[in-house]
Amino acid sequence: WFEMGTSFALPAMGALSGRIKDRFETTDSGIGVLTSAYYVAAMVGPMVGGLCMDKYGPGIVVIAANVIVAGGAFCQAFADGPDQFWLLILGRLLLGFGGEITPFTTVEILGRLFPDYFGLMAGVRNMIQSTSGFLAFVLLPIWADTQSNENDGTSFALWMCFLLALVSLFSCIIVKWSMSREAEHAAEQASAEAQSDQATITKTIRAFAKATTPVAPLGCEKWKLPFSFYLAAVGIKAQYFAPFAFTAFSNEIYKGKFGQTSTQASFQTGVISLVAGLLGPPMGALSDKYGARAPSLMVASLLSVVGFVVLAIATGGSPAVWVATLLFAMQYGFGDTVAYISIRFIVGVDRAGIGYGIYGILGNMIAAIVPVIGGILLDQESGGEELVCWYFAALMVMAALCWLLVRVLEGKRSLLELPADKIIETTDEDIQLAALSYVVAPPTASVVVSKSAENGK
């Protein structure tokens, strides 16, 4: 439920675009301003949220992010009429800022709660996200149609978005409270055990663990991320080209080159997100079991390469579109689950927030540039549809090469490549358990008998 408010409040401008234009007496340019406001804030939010997460932990930050999302949803619903268009813009700024923080804080909380099933939980999260995003486009117009007056219907749909944002906020508070209670219980156990015979051994093991654990980088050093991270950032963003960047042109290509209607073309796009969401949990489970994330993401990128090539060389008919759609869905189902969480494995838990923040800036820059070039290619007098398909195929080849280089730089024994059960994060509880085992059943000491020089024995 952490991102339910975001899933409905963010796409409201698209699902209710016609009604929004009537409500605020604006044009497509006004809708463009609202979209730009979201992306401007989305470039700032991840960096601020990431730094705060590294300092205060993901639990409190996801609550703060959902407070901001709820504030944005409130402004979006409260604004009414052209004289309050500025309030709607403020709402979109707040949604862009907080809405880009909730994804990685949610993923980080899942990683800490379920380390052995991180990929599976990330897949379940993506399935819920895809389903709720799909439902947003279905339910928002239905909610708006429940009122006889069009403006009242728009208000009702937007206030429902605000209600769901409050549900997300409430769920975050419950989980944070539950985690705090568990931490307090663990502290009480540690205090009781400190009075026992294992206290000395616990301190010894803890000191040894600290001595052999690499110290987390501090100050400016923590900003020196490995080169493999920047290669991975390109590869991660490429996982979203088919369902998002290419979607800006797919309807035109499907109608012009393959003779489909607007409804059919939109349905193909919806199938990508829906199928990818269903594939998320099993793909995440495979990642947990076998690791090898960089090579797997390279293969997934090549699936989209094949899909774009099929669209480029096909001469018409729906089979080619369906083949490409299923290839895009498989790539997106695996990529959306595994690619995003790879940031945590590459930069480490101590710098995960910085990694997510820098990726947010780089990713949004890439997302802003890629469609512009695609639009220029599509506007060519002849062969524009094929050029766009070849363009995205080349981008996905580049993504595959990036993942190949990440594998070479990180190595097969890195955290990125290991199965989930091979990644061990030692806590005080583990240390205390080891100490208790030592007290209950200490290792048998070997006895060494040596001759004495004095007695000859």
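Modeller: Gladly. Keep in mind that this is a predicted model. Let's begin with helix H11, residues 227-238: at 1.5 Å a residue, its twelve residues should span 16 Å, and its end C-alpha atoms are 17 Å apart, which agrees.

Colleague: What makes H11 "mostly covered"?

Modeller: Nine of its twelve residues are buried. Among them are Ser-228, Phe-229, Leu-231, Gly-235 and Lys-237.

Colleague: Why is Phe-229 called buried?

Modeller: Buried means under 20% relative accessible area. Phe-229 has 1% relative accessibility, so it counts as buried.

Colleague: And why is Tyr-230 called partly exposed?

Modeller: That label covers values between 20% and 50%. Tyr-230 has a relative accessible area of 33%, so it is partly exposed.

Colleague: How many aromatic pairs does the model have?

Modeller: Counting rings whose centres lie within 6.5 Å, there are eleven aromatic pairs. In one of them, the rings of Phe-229 and Tyr-230 have their centres 5.1 Å apart and their planes at 75 degrees.

Colleague: What makes the pair of Phe-308 and Phe-392 stacked?

Modeller: Here the ring centres are 5.5 Å apart and the planes are at 25 degrees. Planes under 30 degrees apart count as stacked, so this pair is stacked.

Colleague: How do you know that this pair links distant parts of the chain?

Modeller: Phe-308 is in helix H15 (residues 293-313) and Phe-392 is in helix H19 (residues 384-410), 84 residues apart.

Colleague: Which residues form an aromatic cluster?

Modeller: Phe-74, Phe-78, Trp-159 and Phe-162 form one.

Colleague: Let's go back to H19. How do you know that its length agrees with what a helix should span?

Modeller: At 1.5 Å a residue, the 27 residues of H19 should span 39 Å, and its end C-alpha atoms are 39 Å apart, which agrees. H19 is followed by Gly-411, which has a positive phi near 90 degrees.

Colleague: What makes the phi of Ala-292 worth a remark?

Modeller: Most residues other than glycine have a negative phi. Ala-292 is not a glycine, and yet its phi is positive, at about 50 degrees. Ala-292 lies in the loop between H14 and H15, and with a relative accessible area of 25% it is partly exposed.

Colleague: Which residue follows H3, and what is its phi?

Modeller: Glu-25 follows H3, with a positive phi near 50 degrees. Within H3 (residues 17-24), Arg-19, Ile-20, Arg-23 and Phe-24 are buried. Seen down the axis of H3, these buried residues fall within an arc of 115 degrees, so they line one face of the helix.

Colleague: Why is Ser-287 called buried?

Modeller: Ser-287 has 2% relative accessibility, and the limit is under 20%, so it counts as buried. Ser-287 lies in helix H14 (residues 262-290).

Colleague: What makes the pairing of the Ser-287 and Arg-293 side chains a polar contact?

Modeller: The distance is 3.1 Å, and the cut-off for a pair of N or O atoms is within 3.5 Å. Not counting residues up to four places away in sequence, Ser-287 touches Arg-293 and Val-338. Arg-293 also lies over the face of Phe-345, at 4.5 Å from the ring centre.

Colleague: And why is Gly-72 called buried?

Modeller: Gly-72 is at 0% relative accessibility, so it counts as buried. Gly-72 sits in helix H5 (residues 58-78). Leaving aside neighbours within four places in sequence, Gly-72 is in contact with Gly-91, Leu-94 and Leu-95.

Definitions and conventions. Residues are numbered from 1 along each chain as its sequence is written. This is a predicted model: local features need pLDDT of at least 70, side-chain atom pairs count only at pLDDT 80 or more; totals for chains, interfaces and linings use all residues. Side-chain values use heavy atoms; hydrogens and water are left out. Helices (H or I, at least four residues) and strands (E, at least two) are DSSP runs, numbered from the N terminus. Buried means under 20% relative accessible area, exposed over 50%, partly exposed in between (1.4 Å probe, protein chains only). A polar contact is a pair of N or O atoms within 3.5 Å; within protein, one must be able to donate a hydrogen and the other to accept it, and residues adjacent in sequence count only if both atoms are side-chain atoms. Contact means heavy atoms within 4.5 Å. The arc is that of the directions from the helix axis to the C-beta atoms. Rings of Phe, Tyr and Trp (its six-membered ring) pair if their centres lie within 6.5 Å; planes under 30 degrees apart count as stacked, over 60 as edge-to-face and the rest as tilted. A charge sits over a ring if NZ of Lys or CZ of Arg is within 6 Å of the ring centre and within 35 degrees of the ring normal. The expected span of a helix is 1.5 Å times one less than its number of residues.
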